[in-house]
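Subject: Structure handover

Hi,

Here is the structure we talked about. Please load it first, then read the notes below.

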Amino acid sequence: AYVASITETSVFSHEPGRLVPQHYSLRSSGLGKTRNTRQNYNHQNGQLTLSKHKSPAISAPIVADAMDQFSAQLALQMDVAQGQQHMTYQVQEGDELDSYEFRVSGEEIISTPAGKLLTTRVERVRHGASKRKTVLWFANNWNFLLVQLQQIESDGKEYVIKLKSGSVNGRKVRSL
């Protein structure tokens with residue numbers, strides 16, 4: 001049996017047209033691996049501090065409009081809800097900056113343990129020779145809640161995560 005745990009948290013402020021990260025943390029464990037990452041933003045001095053499990057902390061200048069990994073996921077959800085078709089986000093981890101690009105590939109009814117849901121299908125756009133594939137499904141009738149994620153690694157291993165149950169604004173997610 002595979003046992004794993006992931007806890008990811010992002011604290012941010014919402015300004016017109018953008019999310020501004022304040023603090024990010026990720027703790028994951030499984031198969032003997034532990035990952036513990038914390039990123040604190042000091043907007044007064046324009047610096048962020050990144051601490052990773054068993055590594056010395058580093059400081060780096062905050063890149064304007066860049067987000068942490070988790071707030072970028074929320075920004076994607078919000079942009080899909082607003083009908084955007086192609087989105088790009090800058091994600092900063094310490095002194096590294098990545099560009100995450102997504103495109104909407106249509107609507108689809110999918111089956112989850114929570115029931116059949118009308119969703120918007122979004123694919124991560126990867127450039128170059130990468131064979132890795134990421135597809136996300138957001139439930140149209142449930143504030144575009146992420147209800148399914150598929151990851152196909154470059155070696156062909158596939159992972160699918162589906163919503164088992166959930167609620168939006170106090171209402172239990174239900175089938176069509």
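Which residue in the turn of the hairpin formed by β3 and β4 has a positive phi? The residue is Gly46, with a phi of about 70 degrees. Four residues lie between the two strands of that hairpin.

Please keep in mind that this is a predicted model.

Overall layout

Along the sequence the order is β-β-β-β-β-α-β-β-β-β-β-β-β-β. The radius of gyration is 17 Å. A compact globule of 176 residues would come out near 16 Å, so the chain agrees with that expectation. The C-alpha atoms fill a box of roughly 50 × 45 × 40 Å along the principal axes.

Of the 176 residues, 35% are buried. Take the contacts with a separation of 6 or more: 34% of them link residues 24 or more positions apart. The accessible surface is about 10,800 Å². Carbon and sulfur atoms hold 49% of that surface. On charge, there are 21 positive and 16 negative side chains. The centres of these two sets lie 9 Å apart.

Strand β3 covers residues 33-42 and strand β4 covers residues 47-52. They run antiparallel and are joined by six bridges.

Positive phi in loops

Most residues other than glycine have a negative phi.

Asp65 is not a glycine, yet its phi is positive, about 70 degrees. Asp65 sits in the loop between β5 (58-61) and α1 (69-81).

Asn169 also has a positive phi without being a glycine, with a value near 55 degrees. Its loop runs between β12 (167-168) and β13 (171-172). Is Asn169 buried or exposed? Its relative accessible area is 70%, so Asn169 is exposed.

Where does Gln148 sit? Gln148 is in strand β10, residues 145-152. Its relative accessibility is 8%, so Gln148 counts as buried.

Ser28 belongs to strand β2, residues 18-30. Ser28 has 18% relative accessibility; the cut-off for buried is under 20%, so Ser28 counts as buried. Beyond its neighbours within four places in sequence, Ser28 is in contact with Ser5 and Ile6, and with Lys33, Thr34 and Arg35.

Best wishes

Conventions:
Residues numbered from 1 in each chain as written. Predicted model: local features only at pLDDT ≥ 70, side-chain atom pairs only at ≥ 80, totals over all residues. Heavy atoms only, no water. Rg over C-alpha atoms; globule rule 2.2 N^0.38 Å. Buried < 20%, exposed > 50% of the residue type's maximum accessible area, 1.4 Å probe, protein only. Contact = heavy atoms within 4.5 Å. Areas by Shrake-Rupley, 256 points an atom, 1.4 Å probe, with all protein chains shown as cover. Lys, Arg positive; Asp, Glu negative; His and termini not counted. Charge placed at Lys NZ, Arg CZ, Asp CG, Glu CD. Pairing = 2+ DSSP bridges.
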